[in-house]
Each structure stands twice: as C-alpha cells, then as structure tokens.
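Please keep the viewer open as you read.

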Amino acid sequence: MYCDLASESGWVWTLVMSMTLGNRNEQFAQKGFLADSPRNAEIPNWQTYRLPLTRMMELRSHSSHWRVTCSFPTLGVDYRDYARAKFEEFELLSFKANRRCKLMEYMDVRGHACHQCTAAWAQDKNDFLTHRSGVDHGCTRRQTPKHVNGEQTFGRYKKGRNPKFRCTSGDSAVTSYWFGSRFNKRS
C-alpha cells in the first residue's frame, strides 16, 4: 500500500485507486466503487492501480474521509482540482445514483472552490464515480464557469475532458482516490 502522511498536516491517507487519463478505458477505471475491479493491487503505482473491494472496505472501517487528487505525483496537494468528503455524508463504496447532490467538505474544480457544499455525483456498478461540472443540478455548487460541453471531473472521462482540469490535462495526468482520517499527535 502507498500511504501519504505529509501532504496535509494532521491527516493520514492511503491510496485506493489511481489511473492516468490514458488508461481511462481500462476495466478497473470504468467500474464504480460498488464493483470489485482490482488492478495491480500488490504494486501501488499512479498509472493503473486499484485495491480489491474487500481491502477498500477494511480501510473504510478505519477511515473517516475520502479524497480525490489530480496529478498528485508531480503537484502534491495545493487544493486545486481536489475533493474531500466525510464517509458519513457520502458513502463512496455504496453510493449508487445518477446525479445526486452530496455534501462535500471541500471541493475545487479549476480554481472554483466551495466548503461544506453539495455537488452532483453519479456512480453505478459499471460506471465510475464522476462529477459533471458543467451541469446545474440544483446543488449548492453550481456549474463551474468556463466548462466544456459535458465536462466530467474526478473520474469516468468518457467525454467532456477539459485540458485546464489537472486530471484531464493530458494522457499522463493522474486521478487518485484515497481513504484517510485526521490523526492526533501524541506528546
């Protein structure tokens, strides 16, 4: 497993899925988190990696939050093109809907950020989780300005890829999902 203890002070994160845009059509990158679709589970990497559902469920039992980062290997975390939610508000491993407003602790798409906002997400067993940033779904997070037609962010990427969004800036751009929690430093 790959763990991140440094990018966000006070947080510990474990990588559960990662793909480059060039690998978006591979099966592991198309299946929702409801499905078991592991890839290179014993060899964490940025291009083609996904833990088995049973391991994600085990990590979930010890995690309070999930996040998604764009181009983490080169840019780290600066909160641009980034999303974070509490599992108690948005249960990633059982979520099944077509564009449902879900509470996000923080979300940024191309520099347009919101805190404690609702945003529309979709996921099915055979369709990876995605946010459509160019559609107003009646959530508190409205359309992202200057979107491309059908723009998909944080996954799926079947159409509507905006080159200004870090996860879709080119075939080597990386989308990574993580499970984690805040930790208390002991004296």
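Is Cys 139 buried or exposed? Cys 139 is buried, with a relative accessible area of 2%; here buried means under 20% relative accessible area, exposed means over 50%, and partly exposed lies in between (1.4 Å probe, protein chains only).

Before going further, a word on the ground rules: this is a predicted model, where local features need pLDDT of at least 70 and side-chain atom pairs count only at pLDDT 80 or more, while totals for chains, interfaces and linings use all residues. Residues are numbered from 1 along each chain as its sequence is written, and side-chain values use heavy atoms, with hydrogens and water left out.

**Disulfides**

Searching the whole structure turns up three disulfides, a disulfide being a pair of cysteine sulfur atoms within 2.5 Å. The table lists the pairs.

| Pair | Sulfur to sulfur distance |
|---|---|
| Cys 70 and Cys 167 | 1.9 Å |
| Cys 101 and Cys 139 | 1.9 Å |
| Cys 114 and Cys 117 | 2.0 Å |

With bonded cysteines counted along the chain, the disulfides follow the pattern 1-6, 2-5, 3-4.

Take the disulfide between Cys 70 and Cys 167, whose sulfur atoms are 1.9 Å apart. Cys 70 sits in strand S4 (residues 65-70) and Cys 167 in the loop between strand S9 (152-153) and strand S10 (174-182), so this pair ties together parts that are 97 residues apart in sequence. Helices (H or I, at least four residues) and strands (E, at least two) are DSSP runs, numbered from the N terminus. The torsion about the S-S bond of Cys 70 and Cys 167 is about -95 degrees, so the disulfide is left-handed. Cys 70 is buried at 3% relative accessible area, and Cys 167 is buried at 0%.

Cys 101 and Cys 139 also form a disulfide. The pair links distant parts of the chain, 38 residues apart: Cys 101 is in strand S6 (residues 97-109), and Cys 139 is in the loop between strand S8 (127-132) and S9. Why is the disulfide of Cys 101 and Cys 139 left-handed? The torsion about its S-S bond is about -90 degrees, so the disulfide is left-handed. While Cys 139 is buried, Cys 101 is partly exposed, with a relative accessible area of 31%.

In the remaining pair of the table, both Cys 114 and Cys 117 are buried. Elsewhere, Cys 3 is partly exposed, at 44% relative accessible area.

S6 pairs with strand S7 (residues 112-124) in the antiparallel sense over 10 bridges; two strands pair if DSSP finds at least two bridges between them. Asp 108 stands opposite Ala 113 in S7. The hairpin of S6 and S7 has two residues between the strands, and Arg 110 takes a positive phi near 55 degrees there.

S7 also pairs with S8, in the antiparallel sense over three bridges. This hairpin likewise has two residues between its strands. Which residue in S8 is the bridge partner of Trp 121? The partner is His 131.

**Helix H2**

In helix H2 (residues 53-60), Leu 53, Met 56 and Leu 59 are buried. Seen down the axis of H2, its buried residues fall within an arc of 120 degrees, so they line one face of the helix; the arc is that of the directions from the helix axis to the C-beta atoms. What covers the buried residues of H2 includes strand S2 (11-20), strand S3 (48-50) and S10.

Conventions
Contact = heavy atoms within 4.5 Å.
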